[in-house]
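Please look over the sequence and the model below before reading on. The report then takes up a few of its features in turn.

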Amino acid sequence: MNDFVSPMIEWGALMPSLIVAASAVIAVLVEAFAPRKARRPIQLPLALLALAGSLVAAVWRWTVVVGQGEQTVGGGQLIEDRFGLATQLVILVCAMIGLLVIADRSQLKDGAFAASSASRPGSAEEREAIQARIEQTEIFPLTLFAVTGMMVFPVAGDLLTLFIALEVLSLPLYVLSGMARRKRLISQEAALKYFLLGAFSSAFFLMGIALLYGYSGSVRFADIMVASSVNVSADWLLITGIILVLIGLLFKVGAVPFHAWTPDVYQGAPTPVTGFMAACTKIAAFGAMLRFLYVVATGMAWDLELVLTAIVVLTIFVGTVMGLVQNDVKRMLAYSSIAHAGFILIGVMSFEQRALSGTLVYLLAYGLATVGAFAVVTLVREENQGTITGEATSLESWAGLGKRHPLLAGAMLVFLLSFAGIPLTGGFTGKFVVFAAGIEGGHWPLVLLAILASVATAFFYFRLAQLMFFTEPGEGQTVVSSEGMSLVAIAVCVAGTLALGIVPQFFLSIADSAAVLLP
């Protein structure tokens, strides 16, 4: 007698992630079989269509969930609810804009990626690859695989799915970080550091999974939540497991003391990858963190408060103080991202429903400003005796940019104002709603600290603005023209940043309706 019961698979609920994953597999086949000259004309439209198709599918699933309610997928391995779909939408918007910057090439037709990533820097093989104008089109499947992991991360309903998504999003980023066309040794060092520290964080993550499974007998978030209300004799297992899993998530958002990789990787990775990684990884990781904490650890909020408070204070302090002394634009933005992680964590640890919507708005504002800022960095180059070289990342190299290229400098100013939380920008709206959630959760001292830190961080943002607009142009700076995709990305980011600040109610209402978590 055959007792086999065929599983019911909710293919519709999986469509946003499946479209990106299937496109990534097709992109790998293109790399394997298509002629080299035909790869880029195939890969770029394929990647853009994949993200656009996934965006349409996510909007469709949103309408379905609003009409029919939330559901679990695959026996609880994935959760389809409004919060998860809203997080996926934010990821896809930033990923599409980031892909434009990744794919763009300057007037030199060089791009940001090494002609031959596997060759030794300075070797004859590398020189031959540069002369042959070889392009690394594997960046497209790697980006799509990373986005696939990011899409699954905030909708994972059990710890094993969460871990698999973590690795799927991380491994392509390790490779992409080491593919910079210039300063390749620094890029490879950054990739190695990112990989090694990421492996350590994954080990903590796996140990946390083991402890939580030992505590509850299950890896599903809902089962662990039920066990926490019944099994009170082994709370130390629950708390330790939660903290170890949190270490893996805090590493991804760059929170102190798990931030050591951030400035070096942001500086060494190809600039388009830095923008993509800084925005999308943080969005996915905070989405996963909110689901994990608000389902599994709600009853442990009091026990975790001291740990989370210490992390918030250290993260804000280190991000602010270290950002003040940086002379490299990319490292300055890296420490800025660390400070922003501390600001968002205030909302996360409030365990209030408002934090769900507030964090989404903050992450959208931060993602748009981050992708846009790094897109500007890709276009500002150093020039030596008429020869255009790499990005002008030194702060002094930006002197007078506003007088030579006012539109580009104006766009960078909008992003800096958003980072600083100045009114009429998305950054102000994001900080307002997250800080409001923190006050509602009783963490007003942390909110006060964050406000003071925001005033301090404004110094290094305005220092760059002062160099751009109130300093005479120096030698050795130029702005390269490109195929136009970076300019499109910058324009979209400027429009989105201003829209979030000028007409925030539209975005806030959507975020409020998305603040629904299914256990």
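The model is predicted, so local features need pLDDT of at least 70, side-chain atom pairs count only at pLDDT 80 or more, and totals for chains, interfaces and linings use all residues. Residues are numbered from 1 along each chain as its sequence is written, and side-chain values use heavy atoms, with hydrogens and water left out.

**Helix 1 and helix 2**

Helices (H or I, at least four residues) and strands (E, at least two) are DSSP runs, numbered from the N terminus. The axes of helix 1 and helix 2 (residues 36–68) come within 8 Å and cross at roughly 175°. Helix 1 is therefore roughly antiparallel to helix 2. Here axes are lines fitted to C-alpha atoms, for helices over the stretch in contact, and angles run from 0 to 180 degrees between N-to-C directions. Roughly antiparallel stands for angles over 145 degrees. On the helix 1 side the residues include Gly12, Met15, Ile19 and Glu31. On the helix 2 side they include Arg39, Leu46, Ala50 and Trp60.

**A nonpolar patch**

Which residues make the nonpolar surface patch of about 480 Å²? The patch is made by Ile9, Trp11, Met15, Leu18 and Trp60. Its largest share, 3 residues, comes from helix 1 (residues 11–33). Ile9 is found in the segment before helix 1, and its relative accessible area of 40% makes Ile9 partly exposed. Patches are made of residues with over 30% relative accessible area and no salt bridge; nonpolar side chains (Val, Leu, Ile, Met, Phe, Trp, Tyr) are joined within 5 Å. Accessible areas come from the Shrake-Rupley method with a 1.4 Å probe, and for residues only the protein chains shown count as cover. Buried means under 20% relative accessible area, exposed over 50%, and partly exposed in between.

**Salt bridges**

A salt bridge is a side-chain nitrogen of Lys or Arg within 4 Å of a carboxyl oxygen of Asp or Glu. The whole structure has 9 salt bridges. Among them are these:

| Pair | N to O distance |
|---|---|
| Glu483 and Arg105 | 2.7 Å |
| Arg331 and Asp264 | 3.0 Å |
| Arg354 and Glu440 | 3.2 Å |

Glu483 forms a salt bridge with Arg105. Glu483 lies in the loop between strand 5 (477–479) and helix 19 (485–502), and Arg105 in the loop between helix 3 (82–103) and helix 4 (124–131), so the pair ties together parts that are 378 residues apart in sequence. Glu483 is partly exposed at 32% relative accessibility, whereas Arg105 is buried at 16%. Arg40, Arg105 and Glu483 are linked in a network of salt bridges.

Arg331 and Asp264 meet in another salt bridge. Because Arg331 is in helix 13 (residues 329–348) and Asp264 in helix 10 (residues 261–268), their pair ties together parts 67 residues apart in sequence. Arg331 is buried at 17% relative accessibility, while Asp264 is partly exposed at 21%.

Arg354 forms a salt bridge with Glu440. Arg354 lies in helix 14 (residues 353–379) and Glu440 in helix 17 (residues 426–440), so parts 86 residues apart in sequence are tied together. Arg354 is partly exposed, with a relative accessible area of 41%, and Glu440 is partly exposed, with 41%.

**Ala301 and Met349**

Ala301 is found in helix 12 (residues 301–324) and is partly exposed at 21% relative accessibility. Ala301 and Met349 are 48 residues apart in sequence and 7.8 Å apart in space, C-alpha to C-alpha.

Technical notes:
Patches are made of residues with over 30% relative accessible area and no salt bridge: like charges are joined within 9 Å, nonpolar side chains (Val, Leu, Ile, Met, Phe, Trp, Tyr) within 5 Å. Buried means under 20% relative accessible area, exposed over 50%, partly exposed in between (1.4 Å probe, protein chains only). Angles under 35 degrees count as roughly parallel, over 145 as roughly antiparallel, 65 to 115 as roughly perpendicular and the rest as oblique. Contact means heavy atoms within 4.5 Å.
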